[in-house]
Amino acid sequence: DAKYGSTLTADVSGVTGNTGTLSYQWMSGNNNVGTNSSSYTITEEDIGNTIKVIVTSDVETGNVTSAPTEVVEKADGPEAPVVTPHAPSLEGLSDGKITGTTNEMEWADNAVFTDAEACTGSEITGLEAGTYYVRFAETSTTKAGEAAVVVVPEGAEITYSISLDKADTFTFDSMVEGYLSMTPADVTITNTGTGETGELAVALSGANADSFTLSV
């Protein structure tokens, strides 16, 4: 298995006629590596090279050279991490998050990790509801790991509610002859919901409402 961290073993069971002690020289590309051992563990420096072993005897002449391995790759990445999504406080907001991350991870909003961002600390913040992907990032010796598919759910439904300190329908005192200005009516409006109500409107109703003007 020509990957970082794997151990290669020279199998000399097919060598016959030898009466001496065997020695082993491992080669990484054109470089001598390892000690005089029948096994060799692949290191970071071997990535991108092929590995072979040359076996000699202290009695017989010549040598036996193995076929080279495939080009050494980085080790396979780890399994998908276990992380936890948290919904935004309200629908449409961007205060959702994913917890359980580490600095060794990265995240993206797409499965191919285009424009992936490195995780910093134990959580990813500022998220809208949606699907995200989190994995252990590639290192100098290890490929990127499997991705965890993380769904941040919708936040709580936004509600809008108006509370008045007077009745919802307010009746002015009767007008007198001459149509003098009325005493202003002060009404306090309170939003008891979870989102901004936006612009509010006040209108006249009742008999001949269109004959009067309301100043707000």
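Tutor: Before we look at this predicted model, one definition is needed: strands are DSSP runs of E with at least two residues, numbered from the N terminus, and two strands pair if DSSP finds at least two bridges between them.

Student: Which residue of strand 11 does Thr99 stand opposite?

Tutor: Strand 8 and strand 11, the latter covering residues 123-127, are joined by three bridges and run antiparallel. Within this pairing, the residue that stands opposite Thr99 is Glu123.

Student: Which residue stands opposite Thr99 when we turn to strand 7?

Tutor: Strand 7, made of residues 84-86, runs antiparallel to strand 8, made of residues 96-99, and three bridges join the two. In strand 8 we find Thr99, and the residue standing opposite is Thr84.

Student: What radius of gyration does the protein have, beside that of a compact globule of 216 residues?

Tutor: The C-alpha trace spans about 135 × 25 × 20 Å along its principal axes. A compact globule of 216 residues would have a radius of gyration near 17 Å, whereas the value for the protein is 38 Å.

Student: What share of the 216 residues is buried?

Tutor: A residue counts as buried when its relative accessible area is under 20%. By that cut-off, the buried share of the 216 residues in the protein is 23%.

Notes:
Residues numbered from 1 in each chain as written. Predicted model: local features only at pLDDT ≥ 70, side-chain atom pairs only at ≥ 80, totals over all residues. Heavy atoms only, no water. Helix = DSSP H or I, 4+ residues; strand = E, 2+ residues; numbered from the N terminus. Rg over C-alpha atoms; globule rule 2.2 N^0.38 Å. Buried < 20%, exposed > 50% of the residue type's maximum accessible area, 1.4 Å probe, protein only.
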